[in-house]
Amino acid sequence: MTEINQASPGGGAESLPVDLEACVMRLETAVFKGMSEEVEPYDLTHVEFSLLRACMRRQECTATELARVLPVDASRISRVVNTLVNLGLLQRRRLRSDRRTVMLTLTDEGTELTTRLHERMQEYYATLVAGISADDLRILEDATSRILANYDAIRESPRAP
């Protein structure tokens, strides 16, 4: 277990027993393994499904935009896009105004599959959070947002040699 010092409302620091790594890894396992089990019958990975869902939400996007919203590097995005195009779930379209820009959209088959899988995932997520109050879920979301903001601050600050 890791001790994390946190400033208390009174201004002092208190130690909280937290194993952040184990907690996040268990949560990630529950979400991604469950997602993988839902999409596996369709010969998709959870990353491929996440990319399809991001395209569905945005309707049209570039690989660069996807790399900003998905937790994978740009080269993996490119490989996943190629796979989904070859499966007939995603299509590319070059902009006439800038031929270097390639827009990605779901095909009709991709839209139908992504919609069906999204509904299944919503059911799975509802099962995962059964018995957890909306207030507790907001607390989790708030804590996650603060942790990510701290992470962004760390990444933006100059590092000592």
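Hi everyone, let me start with what sits over helix H5: the cover on its buried residues includes helix H1 (20-39), H2 and strand S4 (102-106). Please keep in mind that this is a predicted model.

So which residues of H5 are buried? They are Gly-110, Leu-113, Thr-114, Leu-117 and Met-121. Looking down the axis of H5, you find these buried residues within an arc of 95°, so they line one face of the helix. As for length, H5 has 21 residues and runs 30 Å from its first C-alpha to its last, close to the 30 Å expected at 1.5 Å a residue.

Now to H2, one of the elements in that cover. Its buried residues include Val-47, Phe-49, Leu-51, Leu-52 and Ala-54, and also Glu-48 and Arg-53. They pack against H1, helix H3 (63-69), helix H4 (74-86), strand S3 (90-94), S4 and H5.

How do H2 and H5 pack together? Helix H2 (residues 46-58) and helix H5 (residues 108-128) have axes 10 Å apart, at an angle of about 110°. The two helices are therefore roughly perpendicular to each other. On the H2 side, the contact uses Phe-49, Leu-52, Arg-53, Met-56 and Arg-57; on the H5 side, you have Thr-114, Thr-115, Leu-117, His-118, Met-121 and Tyr-125. By type, the residues of this contact are six nonpolar, three polar and two charged.

Key: Residues numbered from 1 in each chain as written. Predicted model: local features only at pLDDT ≥ 70, side-chain atom pairs only at ≥ 80, totals over all residues. Heavy atoms only, no water. Axes fitted to C-alpha atoms, helices over the stretch in contact; angles between N-to-C directions. Helix = DSSP H or I, 4+ residues; strand = E, 2+ residues; numbered from the N terminus. Parallel < 35°, antiparallel > 145°, perpendicular 65-115°, else oblique. Contact = heavy atoms within 4.5 Å. Nonpolar A, V, L, I, M, F, W, Y, C, P; charged D, E, K, R; others polar. Expected span 1.5 Å × (residues − 1). Buried < 20%, exposed > 50% of the residue type's maximum accessible area, 1.4 Å probe, protein only. Arc of directions from axis to C-beta.
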